[in-house]
Amino acid sequence: MKELAVKNYKSIEGQQMGEGGNQFTVKPVIPRDEVGKCSVNFMELEPGNYAYGYHYHEANEEVFYIISGTGIVRTPKGEITVNAGDAITFPAGADGAHVIRNGSETEKLVYIDFGAVTVPEIVHLPDIGKIMVISKTGMGIYDEK
């Protein structure tokens, strides 16, 4: 990051992401072109939606802090329910695999996604048998095998 900043998730313009009817909003605390050693985004998920799909990182760790709503986190050990005020950590490697979805039928899920940034990075997407390779110049998605 290039400078000290204070940001409020209500005033940051979000970017809609997703596919196949699943949508979520990413509101960067640190703009993508300024990310150095850590990435921080406010995330918003409407009821029933999930963010990014089930995945794990080879090098990067992540932490989610729940601001409001109820999240259901799929992990290798089963589902975990998280609520406002909870933080959940995901280590690098297969043991840190995760996806979060909004567990409410009426309330938006809002959380902060903190992540280390190591490049190059390989992200495994086990449900679809793919890997994502991230470099300083771009990214690509490939068959795992």
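Close-up 1. What you're looking at is a predicted model, where local features need pLDDT of at least 70, side-chain atom pairs count only at pLDDT 80 or more, and totals for chains, interfaces and linings use all residues. Residues are numbered from 1 along each chain as its sequence is written, and side-chain values use heavy atoms, with hydrogens and water left out. A pocket here is an open set of points on a 1 Å grid over the protein atoms alone, with protein on both sides within 12 Å along at least five of seven lines, and lining residues have an atom within 4 Å of a point. Grid points are joined across faces, edges and corners, and a volume is the space filled by probe spheres set on the points.

Close-up 2. Strands are DSSP runs (E, at least two residues), numbered from the N terminus.

**Close-up 3. The second largest pocket has a volume of about 180 Å³.** Its lining is made up of Met1, Glu3, Ala5, Lys7, Val29, Ile30, Pro31 and Glu34. Sorted by class, that gives 5 nonpolar, no polar and 3 charged residues.

**Close-up 4. Lys27 sits in strand β2 (residues 22-28).** Is Lys27 buried or exposed? Lys27 is buried, because its relative accessible area is 9% (buried means under 20%, exposed over 50%, partly exposed in between, with a 1.4 Å probe and protein chains only). Its side chain reaches the backbone oxygen of Tyr9 at 2.9 Å, and it also makes a polar contact with the side chain of Glu44 at 3.2 Å. A polar contact is a pair of N or O atoms within 3.5 Å; within protein, one must be able to donate a hydrogen and the other to accept it, and residues adjacent in sequence count only if both atoms are side-chain atoms. Skipping neighbours within four places in sequence, Lys27 is in contact with several residues, among them Ile12, Gly14, Asn41 and Phe42 (contact means heavy atoms within 4.5 Å).

**Close-up 5. The whole structure holds 4 aromatic pairs.** One of them joins Phe24 and Tyr52: the ring centres are 4.8 Å apart and the planes are at 65°, so the pair is edge-to-face. Rings of Phe, Tyr and Trp (its six-membered ring) pair if their centres lie within 6.5 Å; planes under 30 degrees apart count as stacked, over 60 as edge-to-face and the rest as tilted. Phe24 lies in β2 and Tyr52 in β4, so the pair ties together parts 28 residues apart in sequence. Phe24 counts as buried at 5% relative accessibility, while Tyr52 is partly exposed with a relative accessible area of 39%.

**Close-up 6. Phe64, Phe90 and Tyr111 form one aromatic cluster.** The rings of Phe64 and Tyr111 have their centres 4.8 Å apart and their planes at 45°, so this pair is tilted. Phe64 is in β5 (residues 62-68) and Tyr111 in β10, so parts 47 residues apart in sequence are tied together. Both Phe64 and Tyr111 are buried.

**Close-up 7. The structure has 1 cavity of 30 Å³ or more.** A cavity is a set of grid points where a 1.4 Å probe fits but cannot get out. The largest cavity has a volume of about 40 Å³, and its lining includes Tyr52, His55, Phe64, His98 and Tyr111. β4, β5, β9 (98-102) and β10 give two or more residues to this lining, which has 6 nonpolar, 2 polar and 2 charged residues.

**Close-up 8. Tyr54 is found in strand β4.** Tyr54 is buried, with a relative accessible area of 12%. Its contacts, leaving aside neighbours within four places in sequence, include Arg74, Pro76, His98 and His124.

Terms used:
Helices (H or I, at least four residues) and strands (E, at least two) are DSSP runs, numbered from the N terminus. Ala, Val, Leu, Ile, Met, Phe, Trp, Tyr, Cys and Pro count as nonpolar, Asp, Glu, Lys and Arg as charged, and the others, Gly among them, as polar.
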